Amino acid sequence: MYDFLSRGAEYGSDVLIPQLRQTTAGDVGNFLVGKNAKAQHQIAKELGGIFGKKGLRFAASPAAKSVLRFVPGLSAGLVALDAADVVAGDESLGNRIMDGAGMLVGGGVGLLTGGPMGMLVGASTGKGASDGLQYLFGDKKTPEQRKMEEALAMLQGGRY
């Protein structure tokens, strides 16, 4: 296990950090607006892996290429909305910590398996998985429902 962790740390310091240092704001902008050929190729390849030759043929068509250019920007937007929900949502602190941890783990796994696009998808998937687990194993009430129950109890003067 130590060997795996050691190799992971070496990969991070030897490969990822220099790549991050070389990344410019223009590179990020090109990625988000779909002008990064490598990211577009990766999206098409993933579609081919999921849907086979027909998916790859579809992804290579001019119409699909036009639509797929919006995928990185939309993914980044969804991650931003997920992060805003964690920061500004009206859930409990435990809920926020679990959502943040889900985004961190999902984004990390996505980064290692699919690069920047994988990181975006992984972070949103991690938040969704966290929300799903909280719904399945939590008390299944929204914060608004809890507030309404508290207000009703106060109006009734604690008569139960």
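## Surface and overall make-up

Accessible areas here come from the Shrake-Rupley method with a 1.4 Å probe. With that in hand, let's look at this predicted model. The accessible surface of the protein chain is about 11400 Å², and carbon and sulfur atoms account for 69% of that area. Among the 160 residues of the chain, 24% count as buried.

The secondary structure is helical: seven helices and zero strands, giving the pattern α-α-α-α-α-α-α along the sequence. Looking at contacts between residues at least 6 apart in sequence, 57% join residues at least 24 apart.

## The nonpolar core

Now to the inside. The largest nonpolar core has 13 residues, and the members touching the most others are Phe 31, Ala 59, Leu 68, Val 79 and Met 103. At least two core residues come from each of helix H3 (37-60), helix H5 (71-88) and H6. H3 gives the largest share, five residues.

Beyond its neighbours within four places in sequence, Phe 31 contacts Asn 36, Ala 39, Pro 72, Pro 116, Met 117 and Leu 120.

## A nonpolar patch on the surface

In soluble globular proteins, nonpolar side chains tend to be buried together. On the surface of this model, though, Met 98, Leu 133, Tyr 135, Leu 136 and Phe 137 form a nonpolar patch, with about 570 Å² of accessible area together.

Leu 136, one of the patch residues, lies in helix H6 (residues 93-137). Leu 136 counts as exposed because its relative accessibility is 53%, and exposed means over 50%.

Definitions and conventions:
Residues numbered from 1 in each chain as written. Predicted model: local features only at pLDDT ≥ 70, side-chain atom pairs only at ≥ 80, totals over all residues. Heavy atoms only, no water. Patch = residues over 30% accessible without salt bridge, like charges linked within 9 Å, V, L, I, M, F, W, Y side chains within 5 Å. Salt bridge = Lys/Arg side-chain N within 4 Å of Asp/Glu carboxyl O. Helix = DSSP H or I, 4+ residues; strand = E, 2+ residues; numbered from the N terminus. Buried < 20%, exposed > 50% of the residue type's maximum accessible area, 1.4 Å probe, protein only. Core = buried A, V, L, I, M, F, W, Y, C linked by side-chain atoms within 4.5 Å. Contact = heavy atoms within 4.5 Å.
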